[in-house]
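Please open the model in your viewer and keep the sequence beside it. The tour below moves from one selection to the next and says what is there.

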Amino acid sequence: MRLLLIFAWIFMVSAQQTLPYHQPVPGGLHPGMAVCVEGTVPKQARRFLVDFAWAQDYEADISLHFNPRFDEDVIVLHTYKGQEWENQEVHQMPLQKDENFKIVFVVNQAEYQIMINGNFFCTYKHRLPPQMVQVIRISGDLDLHFLNVTGEAIMEKRTLPYYHPVPGGLHPGMSVYVQGIAPKQPKRFRVDFAWARESEADISLHFNPRFDGDVIVLHTYKGQEWENQEVYEMPLQKGKKFKIVFMVNQAEYQIMINGNFFCTYKHRLPPQMVQVIRISGDLDLHFLNVTGEAIMEKRD
């Protein structure tokens, strides 16, 4: 099978860093990529910033300037273009002093989607192309623990069923990315977070789009029995590309479809026991990626 295109990388910092910190992004940011920033807000914090900059030079354009201001209790977002700041967007502050945080910037076709501590925060439409971003620049009042820039791979259709091993299981802070196309005449497909490869193994999360019923069904398989199912309206379209992100939180999975919040699913079985992501049914699978666990504690 010929690989059409692969650009998948992870840049990671896992110990407290001297600020300002500059993380290169060779090739720029593209739809489907994500930037994860984790750290702790000091007790006496005033402000910090995360800049998606075109160069390390401080006069360079900035596609996204993310600026929590604890002295004003707001987060300000805007763009720096041609040595001028454009109109800013102001949002209420969700971060707390003296607490850990996790911020995820998902790059979509028309906007950044920003998640804070597992919750949707806001979107920010592209004013400058994210493909021109060459460095993530972080400075100000924070203890930086972790910075992760994740790319995506685009591959030819995979033979199904497809099994992706998850050594060590799933843990809070990890995410599972699934991309593909629903054929024009699909009936159903499934994504199983299974405890083993065997079909009789327990399944912590069974994600089952049913085009023949125009719904998505979620439930859990435990001790060779299906538990009560949860049913949601179908957002996927036949013959169209899709991207599904399963974010693993402490108490639940948070599921995003095509950049939009879809639902949450509380853990009925521990995600740490998941050993394989199993995909089967009516879909053309292009991409499956499991990102590593976030490091939340401060390192010496």
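This is a predicted model: local features need pLDDT of at least 70, side-chain atom pairs count only at pLDDT 80 or more; totals for chains, interfaces and linings use all residues.

Residues are numbered from 1 along each chain as its sequence is written, and side-chain values use heavy atoms, with hydrogens and water left out.

**The whole protein**

Switch to a cartoon view, which shows 25 strands and 0 helices; both are DSSP runs numbered from the N terminus, helices being H or I with at least four residues and strands E with at least two. Of the 300 residues in the protein, 53% are buried. Among contacts (heavy atoms within 4.5 Å) with a separation of 6 or more, 65% are between residues 24 or more positions apart.

**Phe48 and its ring partners**

Now select Phe48 in strand 4 (residues 48–53) together with Phe70, which is in the loop between strand 5 (62–69) and strand 6 (74–81), so that this pair ties together parts 22 residues apart in sequence. Rings of Phe, Tyr and Trp (its six-membered ring) pair if their centres lie within 6.5 Å, with planes under 30 degrees apart counted as stacked, over 60 as edge-to-face and the rest as tilted. Phe48 and Phe70 form a tilted pair, with 6.3 Å from centre to centre and 35° between the planes, and both residues are buried.

Because Phe48 lies in strand 4 and Phe101 in strand 9, the pair ties together parts that are 53 residues apart in sequence.

**The two cores**

Next, select Leu29, Val35, Phe52, Phe66, Phe105, Ile114 and Ile136, the residues with the most contacts inside the largest nonpolar core, which has 35 residues. Such a core is a set of buried Ala, Val, Leu, Ile, Met, Phe, Trp, Tyr and Cys residues joined through side-chain atoms within 4.5 Å. Strand 9 (residues 100–107) gives the most to this core, with 4 residues. Apart from it lies another core, of 34 residues, among them Tyr162, Phe193, Tyr253 and Cys263.

Return to Phe52, which belongs to a cluster that ring pairs link together, with Phe66, Phe105 and Tyr112 as the other members.

**Strand 2 and its partner**

Select strand 2 (residues 21–24), whose covered face holds Tyr21 and Gln23, and whose uncovered face holds His22 and Pro24. Strand 2 pairs with strand 12 (residues 135–140) in the antiparallel sense over 4 bridges, a pairing that requires DSSP to find at least two bridges between the strands. Within strand 12, Ile138 stands opposite Tyr21.

**His206**

Finally, select His206 in strand 17 (residues 203–210), a residue with a relative accessible area of 3% that is therefore buried. Its side chain is joined to that of Asp192 by a polar contact of 2.6 Å; a polar contact is a pair of N or O atoms within 3.5 Å, where within protein one must be able to donate a hydrogen and the other to accept it, and residues adjacent in sequence count only if both atoms are side-chain atoms.

Technical notes: Buried means under 20% relative accessible area, exposed over 50%, partly exposed in between (1.4 Å probe, protein chains only).
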